[in-house]
Amino acid sequence: QACTAGSRVYIHEKIYDAFKKTLTKSLEAIEIMSPNDPAALIGPLARKDLFITLDKQVQQTIKMGAQVAFKQKTPLKTQYFPIMVLEKPYCWTEYL
């Protein structure tokens, strides 16, 4: 088990649109499934407090001007935090 959450990716403006399109298409293909399934690529957060903290960080980042470019649909009332792509990284100074 490993946390591989990448918090920042810097993309040159010349390839940004193509990169965003390819990234979004790849993220849309990821299925939420049981973490016990060997085919699972992601799993739920380990604890509810981690979910709450991460959600607060994302909401604060959005308040600071970030825009949601992609947000995965997740089952309600679970600890699966949606895969997200936020744009405008200059606002991410403390949280991500």
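This is a predicted model: local features need pLDDT of at least 70, side-chain atom pairs count only at pLDDT 80 or more; totals for chains, interfaces and linings use all residues.
Biologist: Which element gives the largest share of the lining of the second largest pocket?

Modeller: Sort the lining by class and you get 7 nonpolar, 3 polar and 3 charged residues. Sort by element instead, and the largest share is 3 residues. They come from helix α2.

Biologist: What pattern does the chain follow along the sequence?

Modeller: Count the elements: the chain has 2 helices and 2 strands. Helix α1 covers residues 16–28, and helix α2 covers residues 48–63. Strand β2 spans residues 84–87. Read along the sequence, the pattern is α-α-β-β.

Biologist: How many salt bridges does a search of the whole structure find?

Modeller: One joins the side chains of Glu-87 and Lys-20, at 3.1 Å from N to O. Another joins Arg-47 and Asp-49, with the closest N and O atoms 2.8 Å apart. Both pairs count because the cut-off is 4 Å. The search finds 2.

Biologist: How many residues apart are Glu-87 and Lys-20?

Modeller: Their side chains meet in a salt bridge. That pair links distant parts of the chain. Glu-87 sits in strand β2 and Lys-20 in helix α1, and the separation is 67 residues.

Biologist: Is Glu-87 buried or exposed?

Modeller: Under 20% relative accessible area means buried. Glu-87 has 14%, so Glu-87 is buried.

Biologist: What do Arg-47 and Asp-49 count as, by accessibility?

Modeller: Arg-47 has a relative accessible area of 44%. Asp-49 has 39%. Therefore Arg-47 and Asp-49 are each partly exposed.

Biologist: Which residues make up the largest nonpolar core?

Modeller: Buried residues make up 18% of the 96 residues in the chain. A nonpolar core takes in buried residues joined through side-chain atoms within 4.5 Å. The largest has 5 residues: Leu-27, Ile-30, Phe-70, Ile-83 and Val-85.

Biologist: Which residues does Ile-30 touch, beyond those up to four places away in sequence?

Modeller: Ile-30 is one of the residues in the largest nonpolar core. Ile-83 belongs to that core as well, and Ile-30 touches it. The whole list for Ile-30 is Leu-41, Ile-42, Gln-72 and Ile-83.

Biologist: How far apart in space are Met-84 and Lys-71, C-alpha to C-alpha?

Modeller: Met-84 is found in strand β2. Beyond its neighbours within four places, Met-84 is in contact with Val-58, Val-68, Phe-70 and Lys-71. Met-84 and Lys-71 are 13 residues apart in sequence, yet their C-alpha distance is 4.5 Å.

Biologist: What separation do the C-alpha atoms of Ile-32 and Tyr-80 have?

Modeller: Ile-32 lies in the loop between α1 and α2. At 24% relative accessibility, Ile-32 is partly exposed. Its contacts beyond four places in sequence include Gln-72, Thr-74 and Tyr-80. Ile-32 and Tyr-80 are 48 residues apart along the chain, and their C-alpha atoms are separated by 8.1 Å.

Technical notes
Residues are numbered from 1 along each chain as its sequence is written. Side-chain values use heavy atoms; hydrogens and water are left out. Helices (H or I, at least four residues) and strands (E, at least two) are DSSP runs, numbered from the N terminus. Buried means under 20% relative accessible area, exposed over 50%, partly exposed in between (1.4 Å probe, protein chains only). Contact means heavy atoms within 4.5 Å. Ala, Val, Leu, Ile, Met, Phe, Trp, Tyr, Cys and Pro count as nonpolar, Asp, Glu, Lys and Arg as charged, and the others, Gly among them, as polar.
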